[in-house]
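I am opening my notebook on a structure that is new to me.

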Amino acid sequence: MRDDDRLLREQLANADPARDLAPLPPTWLDHRMEQLMTDQTPLAPTADVRRSPAMRIWVPIAIAGTAAAAAVAIAVPLMLGGTPSVEQLALPEGGGLASGSCLAVTPEGLLDQEQAFAARVLTVEGDVVTFEVTERFAGEVADRVTVPQVDELTSDFSLVPFAAGDTVLVVATDGTVTGCGLSGADTAELRAVYDAAFGS
């Protein structure tokens, strides 16, 4: 016997939970082995679990329950409003004024814009402002709109930095908020122009 075999036997013997029991007499082992080899008793049939009545009842119930849980997981958030859609808009940069001045704020000027909405400033986190849209006047507008915080040095000077809780009126074209007084604080004057344009 090699050393490896001896080591393996020792490991197996140490793993045997009955290693402290006395070995069985050889005659008893021979008798038991003979019984096992000559026993003709048929084995009891094992039940086919897949065909058991209990499985035929519970499997469809489990499948239906899983499907119902999945439907609830999808439907409940949708019924409760789901996750709000979010859209990002840019602010006009560098003044954006080719002529160096803005035109008068008119309803016609608003109607030229692709998107128009009213919103409340939900959060200001660093340089990101999140609007919660409260009214939609024109175009497709997400539930929430994020814009960069106004930089007073690079803006067109018609927008002021936003603060949480502010209410604003916003128009945008090509993914950029339009300044020059067409977007800004929801004042009575600007609201009147929006009402004239969109009949809100």
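Which residues of helix α5 (residues 188–198) are buried? I found Leu 190, Arg 191, Val 193, Tyr 194, Ala 197 and Phe 198. I took buried as under 20% relative accessible area and exposed as over 50%, with a 1.4 Å probe and protein chains only. Helices are DSSP runs of H or I with at least four residues, strands are runs of E with at least two, and both are numbered from the N terminus.

A note on the source: this is a predicted model, where local features need pLDDT of at least 70, side-chain atom pairs count only at pLDDT 80 or more, and totals for chains, interfaces and linings use all residues. Residues are numbered from 1 along each chain as its sequence is written, and side-chain values use heavy atoms, with hydrogens and water left out.

On the face turned away from the buried side I noted the exposed Ala 188, Glu 189 and Ala 196.

What do the buried residues of α5 pack against? I listed α4 (107–111), β2 (115–125), β3 (128–138), β5 (167–173) and β7 (184–185), with contact meaning heavy atoms within 4.5 Å. After α5 comes Gly 199, with a positive phi near 65°.

Last, I looked at the lining of the largest cavity, where β5 gives the largest share, three residues.
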